[in-house]
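Please open the model in your viewer and keep the sequence panel beside it.

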Amino acid sequence: MTEIVNLRRVRKRLAREKDARKAEENRALFGRSKGERLRSEAESARLTRDLEGARLDPAGSADDASMKSDICPHDDT
């Protein structure tokens, strides 16, 4: 036999769990000291800078159309 479920209680339980997850995220984001935040931001900036520096093709320098014309200059397709 199946168990009877009170939908109101289930909705309230799910809402509480959702609120608890949101509170956990907020504690992770905003529950840090200024030094921790600055260190985290500096680390993020360093990683972004290193990633951009390792890029083989700088963003926006190579157009697909110009590459196509270099490969086959007489082809209009």
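Before selecting anything, colour the chain by pLDDT, which is the predictor's confidence in each residue, from 0 to 100. This is a predicted model, in which local features need pLDDT of at least 70 and side-chain atom pairs count only at pLDDT 80 or more, while totals for chains, interfaces and linings use all residues. Residues are numbered from 1 along each chain as its sequence is written, and side-chain values use heavy atoms, with hydrogens and water left out.

With that colouring on, the protein averages a pLDDT of 83, and 74% of the residues score at least 70. Confidence is highest in helix 1, at 95, and lowest in helix 3 (residues 64–71), at a mean of 54. Where pLDDT is low, the predicted coordinates should not be read in detail.

Next, switch to a cartoon view, where the protein shows three helices and zero strands, and where the order along the sequence reads α-α-α. Helices (H or I, at least four residues) and strands (E, at least two) are DSSP runs, numbered from the N terminus.

Now show the surface, of which the protein exposes about 7500 Å², with carbon and sulfur atoms supplying 56%; accessible areas come from the Shrake-Rupley method with a 1.4 Å probe, and for residues only the protein chains shown count as cover. Of the 77 residues, 0% count as buried, where buried means under 20% relative accessible area, exposed over 50%, and partly exposed in between (1.4 Å probe, protein chains only).

Select R8, R9, R11, K12 and R16, which form a positive surface patch. Patches are made of residues with over 30% relative accessible area and no salt bridge, like charges being joined within 9 Å and nonpolar side chains (Val, Leu, Ile, Met, Phe, Trp, Tyr) within 5 Å. Lys and Arg count as positive and Asp and Glu as negative, whereas His and the chain ends are not counted; the place of a charge is taken as NZ of Lys, CZ of Arg, CG of Asp or CD of Glu.

The remaining stops concern salt bridges, of which the structure holds five; each is a side-chain nitrogen of Lys or Arg within 4 Å of a carboxyl oxygen of Asp or Glu. Select R13 and E17, whose closest N and O atoms are 3.3 Å apart; both lie in helix 1, four residues apart, about one turn of the helix. E17 is partly exposed at 34% relative accessibility, and R13 is partly exposed at 39%.

Move on to helix 2 (residues 34–53), where E43 and R46 lie three residues apart, about one turn of the helix, and form a salt bridge whose closest N and O atoms are 2.7 Å apart.

Finally, select E52 and R55, a salt bridge with its closest N and O atoms 3.0 Å apart.
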